[in-house]
Each structure stands twice: as structure tokens, then as C-alpha cells.
Amino acid sequence: MTPTDMSRPADISTRQPDSAPHRARDDADRRGFDWYVDKAVQLIVFVGGISAIIFIFGIFIFVTREGVGFLFEGFDLVEFFTSPRWMPTSSSNPTYGAAALILGTASVTGLAMIVAVPFSLGAAVYIGEFATGRSRETLKVLVELLAAIPSVVWGFIGLSIMNSLIVRIFDVPVGLNVLNAGIILGLMAAPIMTTIAEDALRAVPDTYREAAEAMGATRWQVVWRVVLPASKNGLMAAVLLGVGRGFGETMAVLMATGHSINIPDSIFDSVRALTATIAAELGETAVGSEHYRALFTLGIFLFIITFLINLTADLVVRGTGDR
Amino acid sequence: MTAIDTGQHQRSADEGLAGDVKIDVRNLSIGYAGKSALRNVSLEIREHEIFGIIGPANSGKTSFLRALNRMDEFTESMTVDGAIRFNGRDVREWRNAYALRRRIGVVFPLPVGLPMSIYDNVALAPRLSGIRKKQQLDDIVERCLSRAALWDEVRDRLGSLGSLLSGGQQQRLTIARALSQDPELLLLDEFSIAVDPVTTMRIEDVLKELRREITIVLVTNLVQQARRLASRTAFFLMGECVEVNDTEAMFTGTVKDPRTREYVEGRFG
């Protein structure tokens with residue numbers, strides 16, 4: 001600020017004391033209560049905003065530090081990605097093959113998406129395009145409530161209800177398998193995907209719908225030919241975020257997969273997920289041991305995968321994929 | 001001045017075209033959640049005429065248009081009473097409202113370029129009605145874009161996004177799209193609101209041509225636009241149809257209601 005600027009308000013206030021009697025005679029240099037409140041709020045908001053970034057970096061650095069030693073010493077890249085033998089506790093020859101775990105996570109997530117995508121997109125289209133008034137609001141609240149069910153509850157449903165159902169219906173010895181976990185995970189991911197997909201549909205301007213309906217398009221034609229193409233980026237992002245959720249989910253998967261190391265060749269095979277492995281084993285390893293660091297390597301891998309999925313989702317929303 | 005003269009000349013030359021009653025409105029009242037927007041309007045629109053509707057904001061012009069092709073059904077709170085006969089049959093009796101809307105094209109005040117290619121914008125309505133053959137679609141697209149005076153500007157880039165065109169081009173695209181459904185009746189709601197004067201004049205020329213084939217209802221807040229285009233004009237004021245008259249009579253002072261004269265002379269509104 002130049003001196004002239006600063007003197008100006010003071011001039012005005014001294015010239016017109018009658019019109020603003022409450023104003024101090026020279027407030028040009030006085031920083032009042034409001035000024036400090038403003039600065040304080042700015043600082044708090046800044047700290048809040050920056051802390052999210054700091055925490056994420058902190059987590060990344062911590063996970064990397066714990067796992068990176070293993071990456072350089074005992075790590076065998078080929079073994080990690082191709083061997084199904086995850087035997088960290090073997091006393092003679094511990095092996096760290098994550099192939100079965102990766103395939104376990106991938107198969108469960110894949111099946112979950114087959115379950116969740118039609119359900120969630122269907123629900124989003126119904127809520128966003130067909131339902132009206134009260135039923136629409138009720139459905140939205142219900143879907144959001146579903147999203148708030150803790151994952152351990154879903155795991156419990158998988159363990160107790162789905163387990164016996166699958167045994168009875170398909171006549172298989174064990175009901176804790178890819179099918180069970182896939183359905184549970186699909187039902188878990190569907191509400192979040194529905195909410196995001198519905199937001200994407202809502203972002204399509206009503207003028208598009210009106211223009212198409214005025215041409216004699218039926219509701220379904222409007223949805224199929226105008227709304228869905230216009231919102232495809234957002235819908236893709238919803239699906240990708242669901243995939244990310246599936247990859248990262250731990251408790252429900254731990255409870256519903258059967259948690260046995262296995263490369264699945266049918267949906268009735270029990271598997272073990274990356275996340276569940278970390279959750280189940282980390283508490284029983286000696287800090288700093290090879291096993292401990294191997295688990296953190298799994299963590300790095302998971303971190304990279306979810307980061308890539310979320311990044312892709314973000315790029316898709318911005319429509320970078322289009323051009 | 002010359003433009004108006006040509007308009008008059010053309011209008012008298014075309015006078016023979018206007019024929020049977022296309023739209024017959026009797027005691028039409030429209031409300032939104034109990035609030036009245038239009039009260040007891042009765043008028044008729046004849047085949048092959050450009051029927052103008054003028055009036056200040058909030059006088060019920062747009063509500064009137066929306067009732068004509070049952071667009072009121074999109075707005076839950078909107079209620080419509082009275083009879084609207086299209087080709088002699090009450091529009092509420094059409095069991096297939098989509099078929100009704102296909103015969104009545106609409107152009108909204110702000111251009112809506114759907115987020116698809118120019119070609120697909122115009123081919124949308126034909127495709128909706130089941131036309132699949134490429135050759136046939138190509139013909140329709142070219143014909144409609146030509147009739148909307150847009151073909152020459154976009155013929156080399158039919159594949160680019162319709163929403164990337166300029167405002168005036170998008171409005172002509174909207175008109176081409178409305179024509180692609182082969183309507184008998186075209187409703188235009190203040191189409192020139194987002195369009196520059198030169199493009200407005202081009203579209204007006206297009207409308208004069210179209211009049212030979214279809215009936216046009218033109219809602220406008222530009223009094224002179226109604227004078228240039230419409231053979232008969234209705235004056236709406238605060239939900240009331242003050243008068244329906246031959247446009248020339250209305251503008252040369254032979255009004256039925258003094259409020260009309262004040263409005264067309266620009267004393268209020």
C-alpha cells in the first residue's frame with residue numbers, strides 16, 4: 001500500500017464526521033477486532049487445508065520407510081508378483097509371493113463390480129431421472145444410510161448369513177469364498193457409487209432433458225441418448241471409485257473370503273486379500289523383521305494401486321480422456 | 001423501414017395461405033401451485049400463419065406455449081384448465097403425448113446445443129422415431145440445416161460438438177433440430193434473446209420461408225419483431241389475453257383495447 005492510499009479513508013472520515021459518528025477519527029492504521037478475526041480464520045482454514053496433504057505425505061513416507069528396506073534386501077520382484085507362496089513364517093525358507101493375494105483381491109473386486117455396477121447405475125438413473133418428489137428424497141436418504149453401515153457389519157452378514165446360504169444353494173463345502181466376498185463388497189460399494197453417479201446425472205443441465213423431451217423423446221430415450229452420454233465421465237468416475245473402495249476394503253473381505261491363500265479358479269474358492277493379510281498379520285510380527293517389512297511392501301503396492309485408480313477417476317471427471 | 005415494407009408485401013401475398021384452424025384454445029387457464037399465470041384465454045391459430053404473442057415479462061406467454069404441446073407435464077406444480085384443440089382434437093386426449101410433441105417443434109429462448117456432434121443433434125429426432133438408414137439421415141440433416149440457414153457454415157464440420165458453436169449458430173442448430181422432427185407447428189419462445197441482430201434477421205427470413213409449409217407461433221418481447229413476422233398477434237398482459245388482432249391493425253392504431261396501443265408504442269413494458 002502506498003502512503004496516499006492509506007491516508008484516503010482517513011481523509012473521508014475526518015471530512016464527514018456527522019455521517020459516520022461511530023467511526024474513529026483515524027482508522028486508517030488501526031487494526032480492529034474484525035481484522036484479527038479475519039486473519040485468524042484464514043490461518044485456521046489454511047492449516048486445515050494443508051494438513052490433509054501433510055498427512056497423506058506423512059503416511060506415504062512412513063509406509064515407504066518401513067517397507068523400503070525389504071524392497072532393497074530380501075525382495076525378489078519376480079517372486080513377489082508371480083509366486084503364490086506367501087509363507088513369511090516358515091522357519092527354514094520364508095517366501096513372499098503375493099500373486100495369490102493380488103489375484104484374491106482382484107477376483108473379489110471384479111465380482112463386486114459385476115454386482116455393484118448394474119445395481120448402482122440402475123439406482124442412480126431411477127433416483128435421478130424417474131423418481132419424483134417424496135420417493136426420490138426417501139430413496140436418496142436410504143442409499144446414504146446404506147453407505148454408512150460399518151464394514152464389520154457387512155463382514156458379519158457375509159460370515160453368518162451369506163455363508164450358510166451359499167452352502168445350501170450351491171451345495172459347496174465352504175461358503176466363505178470369492179462369491180460371498182464379491183457380493184458383500186458389491187453391496188457395500190453400491191451405495192457410494194450410486195451417490196456419486198447420481199451427482200453426475202444431476203450435473204447434466206435440465207435444459208438438455210427439456211430439449212429432448214420437447215422433441216417427443218420418451219423418458220428412457222432422454223436418459224439413453226442424452227443424459228447418459230453427457231454424464232459418462234462422471235459415471236466412469238463413480239465406477240472407478242467403487243473399484244478403489246473394493247481394493248482397499250479390509251474387514252468385510254477378511255471375514256467373507258475364507259482367508260486362505262489360493263489362486264482361485266472358480267468363484268467357490270476361498271481366497272485371501274492383500275488388505276486382509278496386512279490386517280491379520282501385522283499385529284503378530286516383530287517390528288522391523290523381514291515379515292513386518294514385507295507387509296509394508298504390500299502396503300506400498302496397495303497405496304500405489306488405489307492412488308492410480310483415484311487419479312484415473314479424477315482425470316476422467318475432468319474429461320482429459322476425451323481430448 | 002424497407003424491411004418492414006417487404007414484410008408487409010410478402011404478408012399480403014401470402015394471405016391466401018392461411019387457412020383452417022390449427023390450434024383452437026378455449027378458456028385456457030394455467031396456474032403454478034395455486035398461483036395463476038394465465039386466465040381464461042381463448043384464441044385460434046390458423047394453418048400457415050405466423051401467430052405472434054407479445055407482452056411484458058410474466059404475462060404468461062411461455063406458460064401458454066408449454067401448454068400447447070403438454071410440456072406442463074414436466075413441471076409438477078403446473079396445472080392447466082380449459083381446452084386446447086390441435087387439428088380439432090383436444091391435446092389431453094392424445095394418449096401418446098410423445099407423438100403430439102413430435103408434431104410440435106419447440107425452440108427455447110436460450111439455445112441448447114446438446115453435447116453431441118452437430119450431425120447427431122439434428123439426427124436425434126429422426127433416430128428417435130426409428131430412422132436408421134445412413135442415406136436417409138444424411139438427407140434429413142442436410143435439408144434441416146439448410147432450412148435453418150446453417151448448412152453452409154457447418155457442412156465441413158458436422159462431426160464437431162454442437163455445444164461448441166457460437167450462440168447464434170446454436171440457436172439455428174436448435175431450429176434445425178426442431179425441424180428435423182418434421183413438425184406441423186413450430187413454437188418459438190423469444191428465440192432472439194441470445195442472438196445478434198444479423199443472425200436474428202437471417203432466422204426471421206428462414207421463418208418467413210417456413211411459413212409456406214408449417215404454422216408458427218412466435219412469442220417475442222420485441223414488438224417490432226412481431227410486426228415484421230406475424231400476420232396476427234395476441235397481446236398478453238399479466239396473465240390475461242388483452243386482445244388478438246391483425247398485426248398491422250394493432251400497429252397502426254386500430255386497437256381494441258387502449259392498453260395494447262400503450263404497449264406497442266412503448267409507453268410501458
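Reader: Among contacts in chain B between residues at least 6 apart in sequence, what share join residues at least 24 apart?
Author: That share is 69%. Keep in mind that this is a predicted model.

Reader: OK. How many helices and strands in chain B?
Author: Chain B has 11 helices and 10 strands. Its radius of gyration is 18 Å, close to the 18 Å from the globule rule for 269 residues, so chain B is as compact as a globular protein of that length.

Reader: And what does the C-alpha trace of chain B span along its principal axes?
Author: About 55 × 45 × 35 Å. Buried residues account for 45% of the 269 residues in chain B.

Reader: Let's pick one. Is L185(B) buried or exposed?
Author: L185(B) is buried, because 21 other C-beta atoms lie within 10 Å and the cut-off for buried is 20 or more. L185(B) sits in strand β7 of chain B, residues 185–189.

Reader: Which residues does L185(B) touch, leaving out those up to four places away in sequence?
Author: K22(B), R103(B), I104(B), I214(B), T215(B) and V217(B).

Reader: Switching topic: how many residues does each chain put into the contact?
Author: Chain A gives 17 residues and chain B gives 19 residues. On the chain A side, α8 (206–214) and α9 (219–230) each supply at least two residues.

Reader: Which element has the largest share of that chain A side?
Author: α8(A), with 6 residues. By type, the chain A residues touching chain B split into 8 nonpolar, 6 polar and 3 charged.

Methods:
Residues are numbered from 1 along each chain as its sequence is written. Chains are lettered from A and ligands numbered from 1 in the order in which they are written. This is a predicted model: local features need pLDDT of at least 70, side-chain atom pairs count only at pLDDT 80 or more; totals for chains, interfaces and linings use all residues. Two residues are in contact if their C-beta atoms, placed from the backbone, lie within 7 Å. Helices (H or I, at least four residues) and strands (E, at least two) are DSSP runs, numbered from the N terminus. Ala, Val, Leu, Ile, Met, Phe, Trp, Tyr, Cys and Pro count as nonpolar, Asp, Glu, Lys and Arg as charged, and the others, Gly among them, as polar. A residue is buried if 20 or more other C-beta atoms lie within 10 Å of its own, exposed if 12 or fewer, and partly exposed in between; C-beta atoms are placed from the backbone. The radius of gyration is taken over C-alpha atoms; the globule rule is 2.2 Å times the number of residues to the power 0.38.
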